[in-house]
Amino acid sequence: MSAISNNLENQLLNALLDQAAYPTHSTVWIALFGTGYNLESNSFGAEITGSGYARQIANFGTANGGEITNTQTITFDVNSAWETIEAIAIVTGAGGVQGNGDILFWTTINSLNAQNNLDLVINPGELKVRLN
């Protein structure tokens, strides 16, 4: 992932330097976003909607060397009714409900045209979050 949301930056700074409690998340999800995303400011306005879209649970191993990766295959069954997918994010949110929660980390991806009806598959170890 190439970016951290402003919301997460603030939570980490407060937890590390202001001694505020950091909310832990037992489950995080992967969400997909189309054109017009503003993930830096925690906006879910461009999250893909309808036609069978659902966030997918992501499990991660133990961080090592400032990096952590996913431990299981994550699959989205892309539907031709979806718009072009341009970004992906690790998010919180009760039950993975679209638009709920907070954006943690995000990155752009090569545009995935939903018209091709190809599955979006993230294999173990392919989803990397690095702090440096």
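## A buried phenylalanine

Phe76 is buried, because its relative accessible area is 1% and buried means under 20% relative accessible area, with exposed over 50% and partly exposed in between (1.4 Å probe, protein chains only). The model you are looking at is predicted: local features need pLDDT of at least 70, side-chain atom pairs count only at pLDDT 80 or more, and totals for chains, interfaces and linings use all residues. Residues are numbered from 1 along each chain as its sequence is written, and side-chain values use heavy atoms, leaving out hydrogens and water.

## Aromatic pairs

Rings of Phe, Tyr and Trp (its six-membered ring) pair if their centres lie within 6.5 Å; planes under 30 degrees apart count as stacked, over 60 as edge-to-face and the rest as tilted. By this rule there are four aromatic pairs. Among them is the tilted pair of Phe33 and Phe44, at 6.2 Å centre to centre with 35° between the planes. Phe33 sits in strand β2 (residues 28-33) and Phe44 in the loop between β2 and β3 (56-58), 11 residues apart; strands (E, at least two residues) are DSSP runs, numbered from the N terminus. Phe33 and Phe44 are both buried.

Now back to Phe76: Tyr53 and Phe76 form a stacked pair, 6.2 Å centre to centre with 5° between the planes. This pair links Tyr53, in the loop between β2 and β3, with Phe76 in strand β5 (residues 74-76), 23 residues apart. Tyr53 has 11% relative accessibility, so Tyr53 counts as buried. Together with Trp82, Tyr53 and Phe76 form one aromatic cluster.

## An exposed loop residue

Asn64 lies in the loop between β3 and β4 (67-69). Asn64 counts as exposed because its relative accessibility is 64%.

Definitions and conventions
Helix = DSSP H or I, 4+ residues; strand = E, 2+ residues; numbered from the N terminus.
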